[in-house]
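Colleague: I am new to this structure. Please take one chain, look at it closely, and then follow it to its surroundings.

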Amino acid sequence: MQDSEQTHPLQAPRPVQQPVTLNPGQAEAFAATFERLAAAVDTVVLGKPDVVRLALTAMFAEGHILLEDVPGTGKTTLARAIASAVSGQWRRIQFTPDLLPSDVSGVTIFNQGSGGFEFHPGPVFANIVIADEINRASPKTQSALLEVMEEGRVTVDGHPHSVPSPFVVVATQNPVEMDGTYRLPEAQLDRFLVKLSVGYPVEAAEIEVLRGTHQRSPENIPAVVDTDTVKQMAEVAKYVYIADPLYAYLVQLANATRGHPQVAVGVSPRGLIALTRAASVYALSQGRTYIIPEDVKALAEPVFSHRIQLAPDAAMRGASGAGVVAEVFESVPVPLPASAA
Amino acid sequence: MRVSRYRLRIAVVAACLTVMCALAGTVAARVYHGPVLTGLVAGAAVAAFAVGFLLRNKPPWLAASVSFWGLAAYLIGSFALTADGAEPLPTVVVDAIVNAVPRTLTALIPVEPAPDTVGVPVFLTWLAATLACELAIRYGRTLSGCLPPTLLYTAGLYLVGPNADPAIAVTVVYCLLAAVALAATSAPPGRRPDSDARVDGGAPRRSATLVGSVIGAAVLLVAVAALAPMATRLVTTSPGDPRELVEPPQLTDIDLNPLARIPEWAKNPDRELFRADIDGDAAMRLGVLTEYDGVTWQAGGDFRTAGSVLPGSGDGGFAAEVEIIELGGKLVPAVADPAAVTDLPVAVNLRTRGLLTPDGLATGDTFHVGSDPLIVDPEDAVGARPDLSDPVSVAMPPGAPEGMTAIADYITATYDTPYDRAQGLADFLSQHYGFDPESPSGHDYPALEFFLEAPVEAGGQRGTSEQFAATYALIARLAGLPSRVVVGFDVPGGPSTVTAAQGLAWPEIAFDGVGWVRFDPMPAGGVAPVPPEETLDELEEEATEEPEPESGGGDAEDFNDPALEDDQGDFDAATSAANDVIPTWAWWIAAALVIGSIPLILKARRRLRRRRRLRRGSPAERVAGAWAEVLGSAARAGVEVGAHANAEEAAARAGTVGASAEGLPRLVNQAAFAPGSVDEADAEAAARIALAYCREADASGSRWKRVLT
């Protein structure tokens, strides 16, 4: 790894013709900022450091987060805590069956004073958008998020309107209570970089939750980073080194999901790109400027599992995307150095 | 510089393997006649290897295609070279391809190079050279490349069987070439300078490889020295011969026992059997009969398909041109000890040297037989002892007629030396029995008993050469003389037509150092036979008056005395074993030492490998070597780490043996996925971790496992 010129620790290298690599100082600065942000969120979301770090990883990878769990496990709290820790603009949308697409994206209204139509931006125009109980909205309203999640802009009445950058959608949904809900289509699921489950806290963490119920609130978290810093960190993550054998390893993993007997539709190339981006951020958060197979394995389940469409009979037998991912990792050899016999 | 060394190495390997393939092909050529096959297989080896070598950087399918067409062209060329031109080339090619294997296996040694006998060696040599080139040159697997020529070498030895002398010099040269090829072994594909493959693992160092090779070679040499005598003894005592697996040509009754033809010939003496033109007066043999079962005489041994050249002591200088007229059957008339037959496909009986044509004789068949008949002077046999080396020639089935026993006793009592007994028996039969061409056929015990003992008025005491020869041979055996019956013709020198009147059977007696000597028991023409009872009664009267000592009387030497056999120093297994230079217990000790040294060699090899992994190469290679040491040590301790495990998981799994490799996964990942980021200190740290782990892991295993792994 050659040392680059003296730059701000979180300033991305200038794009040049030759492959650019990061210096250890940049990785350490990234890891320190990442850790301060995670520690801030941890003060509210107790006992879930892994989930917190995965969520932050997705944010710095410029991806969107789907939090799926039973009610009351802290999904919304996690989303709000992340929003508070980043001193940017955030909005929360409570999805309901009667929510309209224009309630999300915005609407054009005739202004009698000016004599023209004016665009009134919807809540989607924020750095962090909390889409609470996203599966309660109609598919039509859910689809209103498709364009903005992928392209970072909203088109209303034929006019594109860009959302601020960084732009992260943190959606929650309840997998148990299915009455009056609309399952997210595959295309919509594919837009989410990771799907996380918060889960119940361990006993000690739950006691701590009870002890500080009134003192602990996401709104009380001080902003640790601003949106510019988040943008810079996301840019830095694009220069993490990935060895050639790891590219082959990633493709073999994706191919293994596509050829798995329990899978109808395996991981898409977009899913593979998402895993690579997430692994890059994960490596930086560990203070490394290069990806290792452990990064890939740590992120494979949250990135891959919701992108895998199980065959009907496998789904009937109770198979899961996470199970398929685990089996895939058991079948693909890790590209560690061969024995020097 | 690196490219030049690489090219030099593969040139050496290619040259060694080419010569090895040629040598392997010529192993089988030792049983072929002349140098033709040697040239063909050597050319095949060179051509096949050249094709593979020139196309080593081209796609494998292209090399295979070119080699295939090259093989086809070379085979056709070989067929054209060895064909006699009697048939068009396409016919020769098809016939050679269809019959190559069976004819190669049934051909008599020395095998005549012909299209159907050169195809298999040429094909196998080409195939071995192609495979050797692909494995050694294209894929850089020199040891694997040595395998095809070695298999060909083994196949050649098996095909030759016990039919040629040991090729010790060739074997030594072959082993030396293999050693040179392995010593100059080419680098694996990833190390080739003409490859852009990236290699993460460390390549073997020359010095370490050399030490390992020397140790391995020493072990192999000791093992060969210990096991080779046993293997040699086994092969010597029961050699394998693939020809035994091939069914020999089948014979009809008249071919199995040509003696039955005598009465027919005697009744039709004017029947023209064949025309012959031979260099001098000689007896042309049709069949040689050595085995008697109480009913018939038969030839022992199997007939084997032969080429035009037969095993002989000379060049077949006694020539005979034969044209068949009415002689039927499959047996071919020839002067004794045939050496070459042309214009007729033949098989030969390895024991009796009799000839047979598988398709049978037909009117108009013309062929040439060159023989080297052994000229036996009867005077040489006068003082010779009987040759009792073949037990078949003295075997007598039970139930011999009393008349035979009486005559045998008479002969034994009357004559002292074997030759005198043989001649005396011929004289006895010729003087006391008469010739009658109308005598009934048969030479089983009852027929011979009738011939010997029946009254003259009833048709007894007269017969054809069938009865005379058969009776003589059996009585001779009762008298301790090895005998056989030959059926053939007395043919004068020069061109003549052989008729049935010339067909006869005669007995032969084997004398040590002389060979088979013909005797004539047939009565002389115009002399009335003396009744045998008169002579035999005289003997009984003499025996009553003056008992003879059991030894046969006087100072005569007892030629059947077993003590004489011992004096001649015949083979004695116990004596032979005692004369062995190295006693058996020494071999056992050597074998035990070899087996006992295996753990030490394994340990030394592992130590050398560990040193190479941890101390040689770039820091990244040394970290990878440390990782390999940890995984290897865990495996020896019984913990296998799957290929799907990443470094942290593998280290955790390896840690279940009670040793820790903490810190090593980070270095391994760094070395593998962040090139250039590990330095000397990291490599040293990795080596320390690996050594500590190996020490703890080895200590946790069982003692036996530590010794044997």
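**Chain A and what it touches**

Modeller: Start with the contacts inside chain A. Among those with a separation of 6 or more, 77% are between residues 24 or more positions apart. Two residues are in contact if their C-beta atoms, placed from the backbone, lie within 7 Å. This is a predicted model, in which local features need pLDDT of at least 70 and side-chain atom pairs count only at pLDDT 80 or more, while totals for chains, interfaces and linings use all residues. Residues are numbered from 1 along each chain as its sequence is written, and chains are lettered from A and ligands numbered from 1 in the order in which they are written.

Next, the make-up of chain A. It has 13 helices and 11 strands. Helices (H or I, at least four residues) and strands (E, at least two) are DSSP runs, numbered from the N terminus. Of its 341 residues, 46% are buried. Buried means 20 or more other C-beta atoms within 10 Å of a residue's own, exposed means 12 or fewer, and partly exposed lies in between, with C-beta atoms placed from the backbone.

Two loops deserve a stop. A:E62 counts as buried because it has 22 C-beta neighbours inside 10 Å. The other loop, between β7 (159-162) and β8 (168-173) of chain A, contains A:P166. Here A:S165 and A:P166 are joined by a cis peptide bond, with omega about 0 degrees.

Now the core. In soluble globular proteins, nonpolar side chains tend to be buried together. A nonpolar core here is a set of buried Ala, Val, Leu, Ile, Met, Phe, Trp, Tyr and Cys residues joined through C-beta atoms within 7 Å. The largest one has 137 residues. Those that touch the most other members are A:A55, A:I82, A:L275, A:A278, B:V623 and B:L664. Take A:A278. Setting aside neighbours within four places in sequence, its contacts are A:T57, A:A58, A:A61, A:G63, A:L193, A:V194, A:L299 and A:V303. A second, separate core has 85 residues, including B:L259, B:A476, B:A505 and B:W516.

That leads to the contact between the chains. Chain A gives 21 residues to it and chain B gives 24. On the chain B side, α20 (619-636), α21 (647-654) and α22 (664-673) each supply at least two residues. The largest share, 6 residues, comes from α20(B). That side of chain B has 12 nonpolar, 8 polar and 4 charged residues. In this count Ala, Val, Leu, Ile, Met, Phe, Trp, Tyr, Cys and Pro are nonpolar, Asp, Glu, Lys and Arg are charged, and the others, Gly among them, are polar.

A last look at the partner. Chain B has 24 helices and 18 strands. Of its 709 residues, 40% are buried. From first C-alpha to last, its 24 residues reach 33 Å, close to the 34 Å expected at 1.5 Å a residue. The expected span is 1.5 Å times one less than the number of residues. In α5(B), 20 of the 24 residues are buried, so it is largely enclosed by the rest of the structure. After α5(B) comes B:G140, with a positive phi near 70 degrees.
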